[in-house]
Amino acid sequence: MIARESKVNMVVAGLLLGLLMASMDNTIVATAMATIVGEMGGMDKFVWVTSAYMVATMAGMPIFGKLSDMYGRKRFYVFGLIVFLLGSILCGTANSIVELSIYRAIQGIGGGALMPIAFTIIFDVFPPEKRGKMTGLFGAVFGTSSVFGPLLGAYITEYVSWHWIFYINVPIGAVSLWLISMYYKESLEYRKQSIDWWGAITLVGAVVSLMFALELGGNQYAWDSMQIIGLFSSFFLLFVIFLFVEKRASDPIISFSMFKKRLFATTNAIALLYGAAFIIATVYLPIFIQGVYGGSATNAGLLLTPMMLGSVAGSQLGGFLTTKTSFRNIMLLSAVFFIPGIFLLSTLTPDIPRSIVTLYMVIAGFGVGFSFSTLGISAIHGFDMRQRGSASSTNSFSRSLGMTLGITVFGILQRNSFENGMFSAFGGQEMTNAIMDPRAILTPEARESIPAPVLDQMIDILASSIANTFMWALVPAVLALVCILLMGNDRALAKSPSAPKPKLERG
């Protein structure tokens, strides 16, 4: 008994390391992009570094989830680890932005397999009464990575080298690979199924088109340009074809019959909406702290620690409550903190004390933390082992899509608000491009070169633009509450049904 528990702990440790590595990668890279572009050039192409990873990850999630249902979790989790590590090593050796973008896509392919399958393995390995605690732990890792990633990225870039934001994955991933290879052996019996190639191709094409339209629109190309219109048209056409193909496939990549279950449909809608709202906090709070109070990116990232701790506490409590009450009640408790937290953040001003900002961050972080664990369980609830991988990956896909849509849409709103404020304040004056850029007040050196009266006005405008963005973020947060009310009364089982347990042994 003790030996089996020890092996289970080894498997959990391996999964946690893999999940931490994959979920933190995008945020850790974002803080180093300015340094990377400064060293290698390619300012006009740097957006591809982030886009390549996100596109590959999002496109791969439902595909690997389905394949893990068909042929087993372990082989695709190990595959994801190996590909992710290979991509990490290649990224560290990149000599140009184009090379780095290609290698990031390789990383993304691995990441697309790691995140959803990790949650599915936990659901397979543990009985219902322990799943809440485990998914709470996994959700805490996901929440931690959202806040801790930028801090670690800034520290490594400032004190070591940007190459090590990729190389650091190697020892972490190697330990995860060894633990999973040695201690996890599943007992899933395979059955022959056909692979839905047309579904996979159209899904990947639709996701790629949408992602690049959102990433390039308003940056590289105007929203009404032929390139962006073409990408959106391509997304629409491929998505329609995907829906047509999936309805007729014998083993579809995403089974629409799953969405006939109210709990599954509402869970995915909540994941998308929560992702869209919370990503604003992780992106714009460091900018607010840096721009209003001054200091380095590392210090700004460190000040996000209270929100991280709040999300960890919420995730743990949410996981604990899954066997005590319904998923809807837990998410209602989440909304009680999350929506007021977002509203309070919409009241930020340049004069607000740091202690109050910290309190607001803790409230928002605690509220969203419930979703990291609870939605992971509710997404899989009621499905057998043949559908859990697909269900988990669809939920991960929904959250990632929400984050992408959120940062794009709200990013446009914040940028427009800032630019309009600047033109209103300085429209009749000669302003340099550096001053019109909000990043001009994010470094101590740049702030010193700006006249004090101008700097004060810029701080006011930046704070107002970020507060307005949080006000808009209330829209998805409130819509999520509507979906929560529609979840029904399902709850996790307190006792394990009679089913074969996966083997956990060496070899």
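The model is predicted: local features need pLDDT of at least 70, side-chain atom pairs count only at pLDDT 80 or more, and totals for chains, interfaces and linings use all residues. Residues are numbered from 1 along each chain as its sequence is written, and side-chain values use heavy atoms, with hydrogens and water left out.

**Helices H13 and H15**

- Helix H13 spans residues 305-321 and helix H15 spans residues 354-380. Helices (H or I, at least four residues) are DSSP runs, numbered from the N terminus.
- The two helices pack at an angle of about 35°, with their axes 6 Å apart. Axes are lines fitted to C-alpha atoms over the stretch in contact, and angles run from 0 to 180 degrees between N-to-C directions.
- H13 passes H15 in a right-handed crossing. In such a crossing, the near helix is turned clockwise from the far one by less than a right angle.
- Contact means heavy atoms within 4.5 Å. Residues in this contact include Gly310, Gly314 and Leu317 of H13, and Met361, Phe366 and Phe370 of H15.
- By class, the contact holds eleven nonpolar, eleven polar and no charged residues. Ala, Val, Leu, Ile, Met, Phe, Trp, Tyr, Cys and Pro count as nonpolar, Asp, Glu, Lys and Arg as charged, and the others, Gly among them, as polar.

**Aromatic rings**

- The whole structure has 15 aromatic pairs. Rings of Phe, Tyr and Trp (its six-membered ring) pair if their centres lie within 6.5 Å; planes under 30 degrees apart count as stacked, over 60 as edge-to-face and the rest as tilted.
- The ring centres of Phe366 and Phe370 lie 5.1 Å apart with planes at 80°, so this pair is edge-to-face.
- Phe366 and Phe370 are separated by about one helical turn, because they sit four residues apart in helix H15.
- Phe366 is buried at 18% relative accessible area, and Phe370 is buried at 0%. Buried means under 20%, exposed over 50%, partly exposed in between (1.4 Å probe, protein chains only).
- Phe64, Phe76 and Phe79 form one aromatic cluster.

**Glycine 402**

- Gly402 lies in helix H16, residues 385-426. Its relative accessibility is 0%, so Gly402 counts as buried.
- Gly402 touches Leu272, Gly275 and Ala276, not counting residues up to four places away in sequence.
- The C-alpha atoms of Gly402 and Ile270 are 9.4 Å apart, although 132 residues separate them along the chain.

**Cysteines**

- The structure holds zero disulfides. A disulfide is a pair of cysteine sulfur atoms within 2.5 Å.
- Cys91 is buried at 0% relative accessible area. Cys483 is buried at 16%.
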